[in-house]
Amino acid sequence: MLHTVLVFAPLVGAIVAGLFGRAIGDRGAQIVTCGLMVLSALLATVGLFANVGEPARTVPLLEWIYVGSFQADWALRVDPLSSVMMFVVSFCSCWIHIYSVGYMAHDKSIPRFMAYLSLFTFFMLMLVTSDNLLQLFFGWEGVGLASYLLIGFWYTRPSACAAAIKAFIVNRVGDFGFVLGIAGVFLVFDTIQYDTIFRGAAGMANSTIVLFGTSWDTLDVLAFLLFIGAMGKSAQLGLHTWLPDAMEGPTPVSALIHAATMVTAGVFLVARMSPLFEYAPDALAFVTFIGASTALFAATIGLTQFDIKRVIAYSTCSQLGYMFFACGVGAYAAGIFHLYTHAFFKALLFLGAGSVIHAMSDEQDMRRMGGIWRLVPVTYAMMWIGTLALIGFPGFAGFFSKDAVLEAAWASHNAFAHYAFWLGVTAAVLTAFYSGRLIWMTFHGEPRADHETMHHVHESPPVMTIPLGVLAVGAIFAGWLGLGMLDAEGQFWAGSIFTGPDNHVMHDMHEVPFWVKAAPFVAMALGLGLSYVFYILAPDLPARVASAFRPLHSLFYNKWYFDELYDLVFVRGAKALGVAFWRGGDQGVIDRFGPDGVALSTLAAARRAVRIQTGYVYHYAFAMLIGVAALVTWYLVFVRG
Amino acid sequence: MGFDLTPVLPELFLLVAGLVLLVVGVLTREGEAARVVATLSVLALVIGSIIIAASDKSPQLALGGHYVADGFSAFLKILLFVGAALAILLAQGFLHDRRIARFEYSLLVLFSTLGMSMMVSANSFLALYMGLELSALPLYVLAAFDRDNLRSTEAGLKYFVLGALASGMLLYGCSLVYGFAGTLSFDVLADAFGAATAERPPALLPLGAVVGLVFIIAGLAFKLAAVPFHMWTPDVYEGSPTPVTAFLATASKVAAAGLAVRVLMHPFGEWTAQWQQVVVLISIASMLLGAFAAIGQANIKRLMAYSGIGHIGYALVGVAAGSERGVYAVLVYLAIYLVMTLGTFGCILLMRRQGQYVEQISDLAGLSRQRPMAAAALGVFMFSQAGIPPLAGFFGKLLVFLAAVEAGLTWLAVLGVLSSCVAAFYYLRIVKVMYFDEAAEPFDTAVHPAVTGITAITALATLFFIVWPGPLLRAAGAAAAALVR
């Protein structure tokens, strides 16, 4: 009951605000959606404490599909993993709803915005609580839809529409793999229920499946396909291009969907399917490789960007990489732990950035900021807390989780474990550097905005700063409070995260050499110190370095030319192919002989069919008698004949 | 057997309720009578449904073996009662606006429903004929209910004349079958013709009996409005008052389809090969004519007539399969068809300009701007009727086509899919007119709450069927299993 209310409260809010927004007005929509989200968040908090260490149970809702051996019901799976996710989602969403009241105060369609946010939260909760792959997919597509609607929320801006479409299409690529994965799971296990899959996974280890004439390890194929879906949703290397563009949406959206919750769905998927991944070593190696590469790759781009939200977006991409390689090396708990701390500090950073943008009259370019820290002291302090948590300053949330991830990478025996460790440490330097750069450029130095803007700079109202404060508390203490997740015996998770019999990462990670433990701290100090030198002590240094390493700088600045490459290969390629088929195939052949001709004869047939209808009763009676006569004749000649 | 009347309780209840309401209607004040009787009639139908839902579903004979109550009849009766109740509710505002609000309307619907209820429970040709006529006579009157309107009286008369002809054919068929079998009872017929035993396959049906069966099918096809016995439909649908059309298009067809399934599957269930081709022919003709002729229509009620002809064609695909899966598919199809069609007529009843009901398709222009919810509902019904997933209509079609494929009639399923492609054109044209064409005049905003409510509920049911299809599918499955033993 508790969980049913928890999951469906946001849906009710979305329906009320979305369909009756005009009737209840802006204020009414805000009260309804925020009120229901507070309820949901409270229940999620209660649920978290009640379910930690408890075995999984299922709350059935409705029957859904029964076709042959294929069964899917609506049900909520409640276990420590889903409880942690429900808590993260509901808690962040609740405060972001409240923040939006202030941030979107001047917008024209407030009920629509609140409805979309609540709808998103509902789908996300469905995603994390599903007990079969189809319901997971329902939530998965639902959050994709909500994300699309919210990125394109300001639909009069062409750039927002383009970004929304891009997000949707890139996700389709990932979903293609994901759907194949689900179908594959059904093919192999004859079910899509988690319980049955998890029980059967060990038995399927080392079995093979024949694809394209070669035999492959069954579980590797399945895990690989599912991970393709995760890559799309979580913006991993190759399918990451949509995430920075998604910043076209309002900032609360970036905080909720593109930082704290939706983009982490991929990590959740890997952790949820850990019983499958544990028996798929090659897939795990791939996960580690992609995760570690993304962590470094996104961080390099973050170094050079000037849009404050894009810097944080690339940072999100990079942190997601950390989570993935944690899962890849078998430390799923560390991955989820990082997901959980990351949700707090990244939401905080985004909302803080929103507060800055709000203060600077919608300016997002850091080159036109600077010197405002005295004017927005609360935001400034909150941004520092978020930054310290992100770069892993001792005592803050990110410190615990990032260290755990890196230690696990060192301790693991995965083929790419050390690759991941070294890339992770390097990325940590870069993380500290670009985070410091963001702070220095935004708040310190000479004011670079015009006089008009500087004159208007003001601290945000309490409805925005209070959520910042709450998330800041989370960014400081979430790490301490969640340390139980790293328990080597796995009592916290009570089997909801599975580790194979040979997987001792969670134990070994506590016994790594001292220098491994110290490495993240050194990396952080180095990065932060360098950024101080670059942007405060010697402000002309960045330009000199950029020109000295021009090729490298333009590679990073232009995001490794991924967008250009994709545009060249896929967009233009597809367009050329489409035009060729359209002109040559469709218009030239099919239309000429097919539809145009068929349409004409259809119309002619329709005209004739109408003409039969004369309106005279004796014609009608005649038709009936002829009909009977014809049927009897048919019978006598063809059936008995 | 004996004189146990318990299985007949729903019909007895409706009969007594109808007679009592007749008196109530006469005794109530002129202005009040229509409303009071309508309310009580709906109540009677609801109670009737509850009696059926609560009753024993195992097959029980009554009235000397002429009547059978089983899971199959229970499923259909609940559909019929719900359809009739909604038809009464839909009508009240319309009749009032047209100044023909008379209490007889509800009573006629009630008595006709009683006849349909007897039809789906018929276990002999005698009961079949009696039920059919009891359901048909009130329908003739209902079609001409707007008696000062030329088109309405014309509709009633045409329906009556052609209905009499169809009844004659049906009776002729019954007498032929009786002549060769020497019995009227469905239970005994099969044995009389030499049903399969452990030693031998079923005997060949006598020629005369098959000709009789063809005549019976023709009589039922008239009620179903299947080609070539459909000619009355467009004229009658257009001329009758719109709520009557809704009733004709839903309950009447459901009852006839139920009866046809029972006759073909129960006494003649072992001779599927003998009647399958006839049903297939009628089915193909109906699907094709329903698809093509509707394209040329300008009046939405005429369009619905052809659309209904097409739908019956699809339902007959399931009948032609001649299997339990087929019966199951037909039942699901009928239930979904009933809901979609009532909702569509609800939408048609929402279209008024300056107090006048309009029914041209071009009148729908601009509906989406002025009445976005009504347009959305009609859009849902149109997409659903066209069979677009994930709406309910898709699943009805999917099931009948699956049944046909399983029965080895793949080509019939392919034809069905192709004709539904053609049919999609005119459904989508309505959506296009609603959403893209400019309106000439504004629609009235005053609406009757019952019509709005029914439209909204049926639209939601159509839209969200996919979320919770279990209860309907289970009930239809049980009903099909009860018939095909």
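This is a predicted model: local features need pLDDT of at least 70, side-chain atom pairs count only at pLDDT 80 or more; totals for chains, interfaces and linings use all residues.

Residues are numbered from 1 along each chain as its sequence is written, chains are lettered from A and ligands numbered from 1 in the order in which they are written, and side-chain values use heavy atoms, leaving out hydrogens and water.

Start with the rings. Over all chains there are 68 aromatic pairs. Rings of Phe, Tyr and Trp (its six-membered ring) pair if their centres lie within 6.5 Å; planes under 30 degrees apart count as stacked, over 60 as edge-to-face and the rest as tilted. A:Phe297 and A:Trp560 are edge-to-face, because their planes stand at 70°, with the centres 5.1 Å apart. A:Phe297 sits in helix H13 (residues 281-302) of chain A and A:Trp560 in the loop between helix H24 (550-557) and helix H25 (562-593), so the pair ties together parts 263 residues apart in sequence. Helices here are DSSP runs (H or I, at least four residues), numbered from the N terminus. A:Phe297 is buried at 4% relative accessible area, whereas A:Trp560 is partly exposed at 34%. Buried means under 20% relative accessible area, exposed over 50%, and partly exposed in between (1.4 Å probe, protein chains only).

B:Phe395 and B:Phe465 lie 5.8 Å apart, centre to centre, with 55° between the planes. B:Phe395 is partly exposed at 22%; B:Phe465 is buried at 11%. Back in chain A, ring pairs join A:Phe8, A:Trp64, A:Trp74, A:Phe122, A:Phe123 and A:Phe138 into a cluster.

Charges also meet rings. A charge sits over a ring if NZ of Lys or CZ of Arg is within 6 Å of the ring centre and within 35 degrees of the ring normal. The charged end of A:Arg367 is 3.9 Å from the ring centre of A:Phe306. B:Lys397 lies over the face of B:Tyr314, 4.7 Å from the ring centre.

Now look between the chains. The axes of helix H27 (residues 617-640) of chain A and helix H8 (residues 207-224) of chain B come within 10 Å and cross at roughly 140°. Axes are lines fitted to C-alpha atoms, for helices over the stretch in contact, and angles run from 0 to 180 degrees between N-to-C directions. Contact means heavy atoms within 4.5 Å. Among the residues that meet are A:Met624 and A:Tyr635 in H27(A), and B:Leu207 and B:Phe222 in H8(B).

Two buried parts of chain A follow. All 8 of the 8 residues of helix H11 (residues 265-272) are buried, so H11 is largely enclosed by the rest of the structure. A:Lys402 belongs to helix H17 (residues 397-411) and is buried at 2% relative accessibility. Its contacts include A:Gln319, A:Tyr322 and A:His338, not counting residues up to four places away in sequence.

Finish with the backbone. The peptide bond from B:Val227 to B:Pro228 is cis, with omega near 5°. The bond from B:Pro389 to B:Pro390 is also cis, with omega near 5°. A:Tyr561, not a glycine, has a positive phi of about 60°. B:Ala225 has a positive phi near 60° and is buried at 0%.
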